[in-house]
Amino acid sequence: MSDPALVRGLALMVPVAAVLAAAARRRPGEREVAAVIVATAWNLLTLAAVNALAAHLGWWRFHAEGAVYRGVPLDLLLGWALLWGALPVLVAPRAPLPLTAAVAAWLDLAVMPLGEPVVVLGEHWLAGEATAIAACLVPGLLLARWTVDDRGLFARSLAQVVLAGGLGVVLPVVLTGVWRQQGWALGLLVQALAVPLLLGVAAAREFAVSGRGTPLPYDPPRRLVTTGPYGYVRNPMQVSMAGAYLVLGVLDARFLAAVPVVVAYGAGLAAWHEGEQLTARFGAEWAGYRRAVRPWVPRPRPVMPPASVYVDTGCSTCSELGRWIAARKPSGLRLLAAGDRPGGLRRITYERADGRAFQGVAAVAHVLTHIHLGWALAGWFLMLPGITWFAQLCVDAFGYGPRAPRPPYRPDPDKEAPAGAEPGEAEPGEAEPGEAGNGWRVRADPGCPSPGRAVSGDEWYRAR
C-alpha cells in the first residue's frame, strides 16, 4: 500500500468493524464485557510504551501527520489494541490461550510489513515484535481469560490498579509534560501524589480482600465492602483521582478542569448506576451504610464493622502496644487478651466479624485503620504488597517475632530475688524486656489484666 491515508483508515476501521460484528453476533455477558475492557486497556497502555521504545531503539518508526503523539499515530495504536484486546475475547473467549496468541502474533507479523509508508520497519523489528507479544498480547489474553473465568482475583485487581494509574495519571502527566520539573519539585510532587493515590490503591485492595471483586463495575465485589477506606468515605477511588488532579493542578491548570469531570461522573452516572445495583443486591445493609458514610468528604474517624485484636497481656512489650491502642479509642475495635482466643496465638492477631484474621505487622496495620484517617494512611501503606512482608522481616530480625508459650519455672530458693520481683515463667538466664532475669519477673502495676481474661480498651488503659 502506498497511500498513507488508506493505510491509517484500514488500520482503524477494520478492527472497529470486526469488534462490532463479533459483539453483535455473541452479545457478550457482563464478565466478557469486563474482559474486553481490561484486555483492550492493557494493550492500549502497554503498546503506547512499546511504540515509544521502538522509536528510541530503531525497531520501527512512523511517517504520519495529524492525530500523532510523539511520532505514533493514535489511530494505529487504537486499532492494534482492539485487535489484541477486544477481538480475541469476542471471537473465541474459550479458545486455548497458546493458539489464540499464536494466531494474533502470526497476523501481526504478516500485516506489519504491509504498513509502509506509514510504518517503516528497522533491521531488528522482530525484536520489537517479540517484546510487544510478551508485554502486551500475552498478559492481555491472560487478564481477559481470568476475568471471564473469575480466576486470578489479585492479579486482575493489581492490573486494574496499574491501568487506572497509567491511563488516569501517568499518561496525562507525560502528555502535558508536567514531569519536567527540577529534582526537588518533582520529589515534592511524587510525595504529595502518594497520599490520594494510596487511598485509591487501598480501596482496590479492600475490594479484593473483603469483597472478592474488582473496581470494574462489570466485575464487582460479591459482598458490600464497608471496611478500610470505605469506613471513611463512600467513593474513595473517585476521591483519590480527584485529589491527584488537584495536586497536579498546582503545576498545570488543565488538571483542575478534570476535577469537575471526575466529580460529575462519580456523583452522576456512577452513583445512579451503582446505587441501583447496590440497592438491589444489599438492600437495608447498603441503605444503612449510605446514611452513615459521606460520599466525598472523608470522616475523621471511621464507621467500621466490629473487629477484635488479641494481645498477649503477659508480654510487657505487647502490653505496652495494647495500652497504646486503647489510649486512642479505636472505633469498632475490641481489645482482648490473647488467652481468650481458642487455639492459642504466637503473634498479635486482628480478627474481623467475617472470620478473616491477620497476624503480626498485618494485624497492627488493620488496627491503625480503626483510629483516624492519619493513622489509617500509615496502615494502608503497611498493607501494600511486599511492604507487609518486609516490615515483618524487620520486626522479627529485631527480636519481636512469634513467641511460643513457656512452661512454668520455679526459681532457685537459694538465689536472692531482686527487689520488687515475684516468681515468673522465664527460663534461667533468659530475661525479656521488663524482666530482672534469674527466673524472676519484675512485678507489674497493680490491676494489670491477666492472660486469658478479656478486657475492653478502656479497662486495659486504666489497668496499665
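**Before you click.** This is a predicted model, in which local features need pLDDT of at least 70 and side-chain atom pairs count only at pLDDT 80 or more, while totals for chains, interfaces and linings use all residues. Numbering runs from 1 along each chain as its sequence is written, and side-chain values use heavy atoms, with hydrogens and water left out.

**Whole chain.** Show the cartoon: the protein chain has 16 helices and 11 strands (DSSP runs numbered from the N terminus, H or I of at least four residues for helices, E of at least two for strands). Of its 464 residues, 42% are buried, meaning under 20% relative accessible area with a 1.4 Å probe, protein chains only.

**Select Glu32.** You'll find Glu32 in helix 2 (residues 30-57). Is Glu32 buried or exposed? Glu32 is buried, because its relative accessible area is 13%. Leaving out residues up to four places away in sequence, Glu32 touches Arg26, Val89, Pro93 and Val148, with contact meaning heavy atoms within 4.5 Å.

**Select the cavity lining.** Pick Pro88, Val89, Ala92, Pro93, Leu97, Thr100, Leu141, Ala144, Arg145 and Val148, which line the largest cavity. A cavity is a set of points on a 1 Å grid over the protein atoms alone where a 1.4 Å probe fits but cannot get out, and lining residues have an atom within 4 Å of a point. This one has a volume of about 80 Å³, the space filled by probe spheres set on the points, which are joined across faces, edges and corners. Which helix gives the most to the lining? Helix 6 does, with 4 residues.

**Colour by pLDDT.** pLDDT is the predictor's confidence in each residue, from 0 to 100. The chain's mean is 84, and 85% of its residues reach 70 or more. Last stop: select residues 420-464, where pLDDT stays under 50 and the model has 98 contacts beyond four places in sequence.

How values were computed. Buried means under 20% relative accessible area, exposed over 50%, partly exposed in between (1.4 Å probe, protein chains only). On a 1 Å grid over the protein atoms alone, a cavity is a set of points where a 1.4 Å probe fits but cannot get out, and a pocket is an open set with protein on both sides within 12 Å along at least five of seven lines; lining residues have an atom within 4 Å of a point.
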